[in-house]
Amino acid sequence: MDALVRSANEPRATEARGWSDSVDLTIDRVSKTFGAAAALHETSLKIEGGELVALLGPSGSGKTTLLRIIAGLEFPNTGRILFDQDDASALTVQQRNIGFVFQNYALFRHMRVLDNIGFGLKVRPFFRRPSAAAIRKRAEELLELVQLSGLGRRYPTQLSGGQRQRVAFARALATEPRILLLDEPFGALDAKVRKELRRWLREIHDTTGHTTLFVTHDQEEAMELADRVVVMSQGRIEQAGTPDEIYDAPNSPFVFSFIGESSVLPVNVKSGEVLLDGVPLAIDPGDTAEGAASLYFRPHEVELVEAGTGAIEGIVESLRRSGRSRFAEIAVPGIGRFEIEIIAESVLNSGDPVSVLPRRWRLYADASRGGADA
Ligand code: ATP
């Protein structure tokens, strides 16, 4: 069998072939300020060896800063980075031995693909440098791993964007890094290529088993690719969990509205009831604190019901189509607007009165960050 390919019955290639020793990565109370501005508040996260974790968040939430601190390109004000049990604080960028892939390829234009891949090995100090033949063999193997066999003699300009990014990936793997850090690696590519590369990256990861931290602001990419998704906002981790946990049990209004489609209405919790404009809804407040709260639900997790059954009463304001789905914007006079997805059989027209009940929902007390489930 090829040294880089494993069959379904074999143990992970990491165990079998020594691809990577699956280092645990611990971010321990790391904070970072630039001047007076905090880019990262005290942040802690543990990533198990071999995990593929996506850091997801809006622009400026601190994702790249965290990645650069792990790589040793930036220094934290407080806290430590641990590789397994070893404190990385005293290690240089080189000593950390991290594979880094950026958005913009960063390949050497004047070098052929194979030379780009082997570069990190070629510039090693003499006593650690493999022979020219061994470097070439390793580069050829990596080229095969990233499914570009036969293109080794090309220059980067003779490749598509997606192919260049695969070469960048192979180059990052050449030095047998302990950890892989990917900063928006598909950010510059069009949607179709991004989708292909997502699947490709997952396969490569399953083969090589590197502990991988992947920055993206594309939630679909994060949810599809990662074992765990870490949602960041304003220099803090809002939630870390499996894609299902993040989507089905978002622990804050921010995560609920950042992931997937969401609708929200202001309500009041009083005496065990959820009131919309003073009228009780057929919704159990659970342990949500009394007072102002926000009712969140997904546009596709609602049903149209009879009026007067504890439903949200509104008027269809507009209708729109998005791909296979149809949506209606519902106005609740004096309160707000929200969207619902219309199932195929429903006939709704602008101006129709409707009664809507969320099938699943979460309530967040406005003052606190706790939530209650449907
Ligand atoms: P994006 O998705 O846009 O890349 P991000 O989540 O990666 O954003 P960071 O690049 O980590 O965010 O930036 C976090 C905050 O720190 C931002 O407010 C940014 O302006 C600030 N910041 C980052 N690097 C520096 C720097 N070298 N000097 C000053 N401020 C910085």
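**Backbone and helix packing**

I note that Glu176 is partly exposed, with a relative accessible area of 44% (partly exposed lies between buried, under 20% relative accessible area, and exposed, over 50%, with a 1.4 Å probe and protein chains only). Glu176 is not a glycine, yet has a positive phi of about 50 degrees, and I find it in the loop between α6 (161-174) and β7 (179-183); helices (H or I, at least four residues) and strands (E, at least two) are DSSP runs numbered from the N terminus.

This is a predicted model, in which local features need pLDDT of at least 70 and side-chain atom pairs count only at pLDDT 80 or more, while totals for chains, interfaces and linings use all residues. Residues are numbered from 1 along each chain as its sequence is written, and side-chain values use heavy atoms, with hydrogens and water left out.

I then looked up Arg29, which also has a positive phi of about 50 degrees without being a glycine; Arg29 sits in strand β1 (residues 25-34) and, at 47% relative accessibility, counts as partly exposed.

Next I turned to helix α4 (residues 113-122) and helix α5 (residues 132-145), whose axes come within 9 Å and cross at roughly 125 degrees (axes are lines fitted to C-alpha atoms, for helices over the stretch in contact, and angles run from 0 to 180 degrees between N-to-C directions).

In contact (heavy atoms within 4.5 Å), residues including Ile117 and Leu121 of α4 meet residues of α5, among them Ala139 and Leu142.
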